[in-house]
Amino acid sequence: MNYKIALIKGDGIGPEVVGEAVKVMDAIGEKFGHKFEYVDILMGGCAIDAVGKSYPEGTAEKCKECDAVLLGAVGGPKWGHSTDPDKRPETALLSIRKDLGLYANLRPAALQPALADACPLKNDKNIDLMIVRELTGGVYFGKKNRYQTEDRGEEASDLMAYSEKEIERIGRRGFELARLRGRKLASVDKANVLETSRLWRQVMHRLAEEYPDVQYEDVLVDNAAMQLVRDPGQFDVVVTENMFGDILSDEASMITGSIGLLPSASIGDTAPGLYEPIHGSAPDIAGQDKANPIATILSVAMMFRYSFDLPAEAKAIETAVDAVLNEGWRTADIAKPGEEVVGTLKMGGLIRERL
Ligand code: IPM
Ligand code: MG
């Protein structure tokens, strides 16, 4: 098959890690008889520098001509201060999610056996969960307001709104993914306080009746944050709204101790889906051949699985990554003190050799 892939290399270490991921894709293409064509798309801080806005005209349209999007990382301290939305990298991220209809954000957090020492928790080394975060609704996209009051100074508000439809489609994704994994689903909300959460819970309970084979539970978000560090092994799939998912997915990635390994997928009902490492642009090590390309390479595996329905190709990548880690190869971010480290290019090359 032929596939057209949009590459948003972005800022900082983005171009380096995407570079290695592209070489892995080409190696898979050779091995399995696929052809990949790439389209470079400018977005993020580099786009602010080049054309004055982080999300240039036509970005979504160009992505829509492709079968999937691979993103490195966008942003960095250089662009962190502007109040003009066009000049903020985050604007590009939120816009592309909305414009491509990427309402489901899949963020797996699994502890690699070879890296069990990296887990900062004392007891539980059995972490293998997937956070399914709603990505195009809630307080991120609700009406924002800022105004002067007569007696309270300036006031600001962000509206948090969810419709039954939005909840149902992400809820279904959660149940469907649970069916493909351990058949357990935790739905995280704040139904003791928020009306959006009460509606969320009502819809989830209705759905739960359609999936009697999935063990379902409601978890309040504060308790979920606690349980994630107390006993993460209890979770399989966790589904939640946009902002709770933003926060909990960072927590989940931290307990695996190796954020440089974690991929993510953002998908909607139609192509293209968007795939990116969970880590940021790491400007402090950009351009030095130090970044870990594994999270981006594993994002390609997710692309093969979720956008192209190529599970064997996905598995081949994951197996190659496991092999390299089991052999003891480490980039600086996952090395223990005194361990020998390899750079971005070498790590990418080792993974390709094992394909
Ligand atoms: C993420 C990031 C973004 C988010 C920011 C950069 C807008 O934290 O992808 O989790 O909050 O969604
Ligand atoms: Mg975040």
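**How do we know? Questions about a predicted fold**

Val24, Ile28 and Phe32 of helix 1 meet Ala312, Glu313, Ala316 and Ile317 of helix 10, where contact means heavy atoms within 4.5 Å. This is a predicted model, in which local features need pLDDT of at least 70 and side-chain atom pairs count only at pLDDT 80 or more, while totals for chains, interfaces and linings use all residues. Residues are numbered from 1 along each chain as its sequence is written, chains are lettered from A and ligands numbered from 1 in the order in which they are written, and side-chain values use heavy atoms, with hydrogens and water left out.

Reader: What makes helix 1 oblique to helix 10?
Author: Their axes cross at roughly 125° and come within 11 Å. Axes are lines fitted to C-alpha atoms, for helices over the stretch in contact, and angles run from 0 to 180 degrees between N-to-C directions. Under 35 degrees counts as roughly parallel, over 145 as roughly antiparallel, 65 to 115 as roughly perpendicular and the rest as oblique, so helix 1 is oblique to helix 10.

Reader: Why does Gly287 count as exposed?
Author: Gly287 has 66% relative accessibility. Buried means under 20% relative accessible area, exposed over 50% and partly exposed in between, with a 1.4 Å probe and protein chains only, so Gly287 counts as exposed. You will find Gly287 in the loop between strand 12 and helix 9.

Reader: How do you know that strand 3 and strand 12 pair?
Author: Two strands pair if DSSP finds at least two bridges between them. Strand 3 (residues 68-73) and strand 12 (residues 273-277) have three bridges, in the parallel sense, so they pair. Leu70 stands opposite Tyr275 in strand 12. Helices (H or I, at least four residues) and strands (E, at least two) are DSSP runs, numbered from the N terminus.

Reader: Why is one side of strand 2 and of strand 9 left without a neighbour in the sheet?
Author: The open sheet has 10 strands in the order 2-1-3-12-11-4-5-10-8-9, with mixed pairing. Strand 2 (35-40) and strand 9 (215-220) stand at its edges with a single partner strand each, so one side of each has no neighbour there.

Reader: What makes a set of residues a nonpolar core?
Author: The set holds buried Ala, Val, Leu, Ile, Met, Phe, Trp, Tyr and Cys residues joined through side-chain atoms within 4.5 Å. The largest one here has 60 residues, and Leu70 and Phe304 are among those with the most contacts inside it. Helix 9 (residues 294-306) gives the most to this core, with eight residues.
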